[in-house]
Amino acid sequence: RSEPESGRYNVPLALEFLGDLDVPALRAALAGLLVRRPALAGRFDTDDGELRFRPEPAAPLPLSVVRRSGSCRSEAAREEAVRAAQRPLDLSGAPLLRAEALLHDDGALVVLTVHHIVADGRTLDVLAADVLAAYRTRAATAAGSGAATAATEATEATEAVEAVEATGAAAAVEAVAAAEA
């Protein structure tokens, strides 16, 4: 709260999806994330001069969707993702997570930004695995191929965590997920 106009305390996660992004499946995966990770669905305010967490279990997570021409792997796309991750988060508003999908001709960058008060670099491993597994399950169900098996979901979650760990969590972290067409 000491720097409300700064993104200094943001913890960003950038997920790269190759191919078409199933936006409704992503929305459903993100809504489920708030249910499974209730700390993200809250807000903070001051009570007698002390910062207090206030749960907001019904907090919706808006997903901003922006379409751009060009490649999701271009320098311009990466710069836009960094700018998205640097925008400040308001601790007094729930949820404490922002989601932005930057759609490009060959794929998408999904930027999730969490405030450090509820997340750190290690949390990104869990968030990446959670979002990717839920997205894949929702996308597979929407495509009519049925829900993924528990073994498939576990393998995909492990791969997502390994990708996050391989790139590090100091800056924007990337996990590559091939989206089903």
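Author: A residue is called buried when its relative accessible area is under 20%, exposed when it is over 50%, and partly exposed in between, with a 1.4 Å probe and protein chains only. The model is predicted, so that local features need pLDDT of at least 70 and side-chain atom pairs count only at pLDDT 80 or more, whereas totals for chains, interfaces and linings use all residues. Residues are numbered from 1 along each chain as its sequence is written, and side-chain values use heavy atoms, with hydrogens and water left out.

Reader: How many helices and strands does the protein have?
Author: Helices (H or I, at least four residues) and strands (E, at least two) are DSSP runs, numbered from the N terminus. From that terminus on, the elements run β-α-β-β-β-α-β-β-α-α-β. The protein therefore has, by these DSSP runs, four helices and seven strands.

Reader: How far apart are the end C-alpha atoms of helix 3?
Author: The expected span of a helix is 1.5 Å times one less than its number of residues. For the 22 residues of helix 3 this gives 32 Å. The end C-alpha atoms agree with that expectation, being apart by 32 Å.

Reader: Which residue is joined to aspartate 130 by a polar contact of side chains?
Author: Aspartate 130 lies in helix 3 (residues 121–142) and is buried, because its relative accessible area is 10%. Residues up to four places away in sequence aside, aspartate 130 touches Leu33, Arg36 and Arg37. A polar contact is a pair of N or O atoms within 3.5 Å; within protein, one must be able to donate a hydrogen and the other to accept it, and residues adjacent in sequence count only if both atoms are side-chain atoms. At 3.0 Å, such a contact joins the side chain of aspartate 130 to that of arginine 37.

Methods. Contact = heavy atoms within 4.5 Å.
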